[in-house]
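Here's a quick walk through this chain, meant to be read with the model open beside you.

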Amino acid sequence: MCEQKLRFNLYLLAKEVKALVKCGLILILVCFILKSAGIISSVFLRRKSTTETFSPVPLYIKSTITRHSYSLNEKMKGSICPILQGGLGNRLFQFATAFSAAKSKNMNLIIPSDAEISEVFEISETFNESRELCKGFRKVLDRASPTYHKNLMNFSSTDNIQLGYGLQSWKYFYMYDKQLKKQLTFRKHIQNKAKQTIDKILQRWKIKSRKSVNLVGIHIRRGDKVTSYDDGYKIASPEYLNRSVNYYAKKYEAVLFLVISDGMSWSIENVPSHVPVAYISLGQRELDMATLVACDHTIMTIGTFGWWISYLTGGDVIYMKDAAVKGSRFEKVLNVEDHFFPHWIGL
């Protein structure tokens with residue numbers, strides 16, 4: 001009796017297992033058909049959306065895309081091509097401002113490898129094909145030279161621009177003073193010529209040691225400014241030169257003045273003779289500039305050439321505080337605080 005009951009139970013169990021297997025096969029077949037028809041995916045997603053109260057996947061994907069596109073924008077660097085024109089002093093202002101802007105905005109600085117300043121200074125930012133590259137860039141121009149305009153630098157770091165005209169303010173580049181002066185190191189052959197010139201002058205004056213004397217460079221700009229009254233520049237007077245020379249003669253015990261000028265005859269007649277003075281004319285403006293930069297202090301008159309001698313020399317600097325003719329256009333555009341460093345001395 002017990003054996004018959006056991007066999008019956010095993011029969012029922014086998015029957016149930018067979019039914020389950022059959023159902024399983026049917027379910028698998030149904031799923032395969034639905035999947036082939038593309039229905040099961042939408043059903044599954046609809047079911048998931050009804051059971052979840054938030055949607056982390058779309059939000060996550062969206063934020064990832066945003067961060068990725070932002071990082072791509074960060075990697076895009078614009079370029080600055082300074083428009084180098086005018087005299088050497090003008091070109092140095094244009095280079096210095098472009099150099100500083102490129103540094104502050106993490107942009108490329110493009111200088112022609114054959115540019116004059118590249119032949120005079122140890123500038124490392126040069127490119128052979130820069131003129132063609134820069135030709136189509138948008139121009140950003142300074143029309144009021146000896147004045148600082150902060151808004152002029154309000155261009156994007158991803159822009160490609162040509163930066164030009166005056167830009168004659170220390171406020172454009174003072175924050176990169178050390179890096180700039182490293183770029184504006186005279187080439188070795190120019191430094192050597194300047195040193196030879198100074199050594200000969202010291203021998204002539206029987207000065208045995210360079211350290212025993214304070215050399216003061218004087219740049220006297222005349223030339224075209226003597227007859228160009230419309231410009232509004234004041235020409236240095238004998239009185240100004242006398243006051244400036246006396247300032248250094250009183251401050252330092254041993255002083256020797258070195259003069260360069262584009263009006264040497266006038267300078268010889270009007271520079272005070274009660275102090276030791278040597279006159280220099282090397283025939284090339286970069287050699288004249290390098291010789292005065294090798295001095296300790298400076299007396300400047302007018303013009304950007306003398307400004308850059310003063311800046312690169314360091315030390316004490318005396319400038320004409322009334323450099324503009326009253327009522328002239330130059331007086332209207334000149335901002336003394338923007339053009340001259342605050343620690344320079346106006347007489």
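A disulfide, as counted here, is a pair of cysteine sulfur atoms within 2.5 Å. Keep in mind that this is a predicted model, and a search through the whole of it turns up 1 disulfide. That bond joins Cys81 to Cys134, with an S to S distance of 1.8 Å. Which parts of the chain does the pair link? Cys81 sits in strand β1 and Cys134 in helix α6 (residues 130-134), so the link spans distant parts of the chain, 53 residues apart. Both Cys81 and Cys134 are buried. Turn to the S-S bond itself and you'll find a torsion of about -70 degrees, so the disulfide is left-handed. Another cysteine, Cys295, is buried too, with a relative accessible area of 5%.

Now for the sheets. Strand β1 belongs to an open sheet of 4 strands, ordered β2-β1-β4-β3 with parallel pairing. Which strands stand at the edges? They are β2 (108-109) and β3 (138-142); each has a single partner strand, so one side of each is left without a neighbour in the sheet. On the β2 side, β1 (residues 79-82) pairs with β2 over 2 bridges, and Ile80 has Leu109 as its bridge partner there.

Elsewhere, strand β5 (residues 214-220) is mostly covered, with 6 of its 7 residues buried. Strand β5 pairs in the parallel sense with β6 over 7 bridges, and it also runs parallel to β8 (residues 297-300), joined by 4 bridges.

| Residue | Bridge partner | Strand of the partner |
|---|---|---|
| Ile80 | Leu109 | β2 |
| Ile220 | Ser261 | β6 |

On to the packing. The largest nonpolar core has 63 residues, and the members that touch the most others are Phe95, Phe121, Phe173, Met289, Trp307 and Trp308. Several elements give two or more residues to this core, including α4 (88-105), β4 (160-165), α8 (188-204), β6 (255-261), α11 (285-293) and α12 (304-313). Helix α4 gives the most, with 9 residues. There's also a second, separate core of 21 residues, and Ile218, Ile220, Tyr240 and Val255 are among its members.

What is Met289 in contact with, once you leave aside its neighbours within four places in sequence? The list is Leu88, Leu92, Phe121, Phe186, Phe305, Trp308 and Ile309. Two of these names, Phe121 and Trp308, are also on the list of core members that touch the most others.

For contrast, look at Lys195 in helix α8. Is Lys195 buried or exposed? Its relative accessible area is 52%, and the cut-off for exposed is over 50%, so Lys195 counts as exposed. The C-alpha atoms of Lys195 and Ala290 are separated by 8.9 Å, although the two residues are 95 apart along the chain.

Last, the cautions. The mean pLDDT of the chain is 82, and 76% of its residues reach 70 or more.

Conventions. Residues are numbered from 1 along each chain as its sequence is written. This is a predicted model: local features need pLDDT of at least 70, side-chain atom pairs count only at pLDDT 80 or more; totals for chains, interfaces and linings use all residues. Side-chain values use heavy atoms; hydrogens and water are left out. pLDDT is the predictor's confidence in each residue, from 0 to 100. A nonpolar core is a set of buried Ala, Val, Leu, Ile, Met, Phe, Trp, Tyr and Cys residues joined through side-chain atoms within 4.5 Å. Buried means under 20% relative accessible area, exposed over 50%, partly exposed in between (1.4 Å probe, protein chains only). Contact means heavy atoms within 4.5 Å. Two strands pair if DSSP finds at least two bridges between them.
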